[in-house]
Amino acid sequence: QMTVSEAKVGISFPGALTNDDLIKKVSNKLAGYGYGRTSLVATSLCCDEVNRPLEKALAGTYDEPFVMGGLAGFPFGGVTSFGAMAHH
């Protein structure tokens with residue numbers, strides 16, 4: 001079932017993937033390269049609460065995401081954030 005946020009995105013952006021569809025496409029593609037349940041995923045999603053369901057969906061498929069925060073896909077943490085993620 002779609003969340004209110006997903007429904008609004010669907011209205012504003014017809015043809016946009018739901019979080020579930022995105023996770024399926026990404027996981028199917030990456031599985032062929034050995035990525036799966038134990039893979040570390042780093043996110044740089046906007047800190048807006050509308051993105052929390054996507055982070056939860058990623059955590060359901062991969063390990064708990066390393067959340068760097070960001071805006072428009074650009075991480076807030078910069079080099080420090082990438083260094084911390086690399087040490088996990």
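Visitor: What share of the contacts in the protein chain with a separation of 6 or more comes from residues 24 or more positions apart?

Guide: A contact means heavy atoms within 4.5 Å. In the protein chain, residues 24 or more positions apart account for 54% of the contacts with a separation of 6 or more. Please keep in mind that this is a predicted model, where local features need pLDDT of at least 70, side-chain atom pairs count only at pLDDT 80 or more, and totals for chains, interfaces and linings use all residues. Residues are numbered from 1 along each chain as its sequence is written, and side-chain values use heavy atoms, with hydrogens and water left out.

Visitor: Which pattern does the protein chain follow along the sequence?

Guide: Helices (H or I, at least four residues) and strands (E, at least two) are DSSP runs, numbered from the N terminus. Here there are 4 helices and 4 strands, and they follow the pattern α-α-β-α-β-β-β-α. The C-alpha atoms fill a box of roughly 40 × 30 × 15 Å along the principal axes.

Visitor: Is Ser39 buried or exposed?

Guide: Buried means under 20% relative accessible area, exposed over 50%, and partly exposed in between (1.4 Å probe, protein chains only). Ser39 counts as buried because its relative accessibility is 11%. Ser39 sits in the loop between H2 and strand S1 (42-43). Leaving aside residues up to four places away in sequence, Ser39 touches Gly34, Tyr62 and Asp63. Across the protein chain, buried residues make up 25% of the 88 residues.

Visitor: Which residue forms a salt bridge with Glu55?

Guide: A salt bridge is a side-chain nitrogen of Lys or Arg within 4 Å of a carboxyl oxygen of Asp or Glu. The count by this rule is 1 salt bridge. Glu55 pairs with Arg52, and their closest N and O atoms are 3.0 Å apart. Both lie in helix H3 (residues 52-61), 3 residues apart, about one turn of the helix. Glu55 is buried, with a relative accessible area of 9%, whereas Arg52 counts as partly exposed at 26% relative accessibility.

Visitor: Which residues form a nonpolar patch on the surface?

Guide: Patches are made of residues with over 30% relative accessible area and no salt bridge: like charges are joined within 9 Å, nonpolar side chains (Val, Leu, Ile, Met, Phe, Trp, Tyr) within 5 Å. Accessible areas come from the Shrake-Rupley method with a 1.4 Å probe, and for residues only the protein chains shown count as cover. Leu17, Leu22 and Val26 form such a patch, with about 210 Å² of accessible area together. Leu22 belongs to helix H2 (residues 19-31) and counts as partly exposed at 32% relative accessibility.
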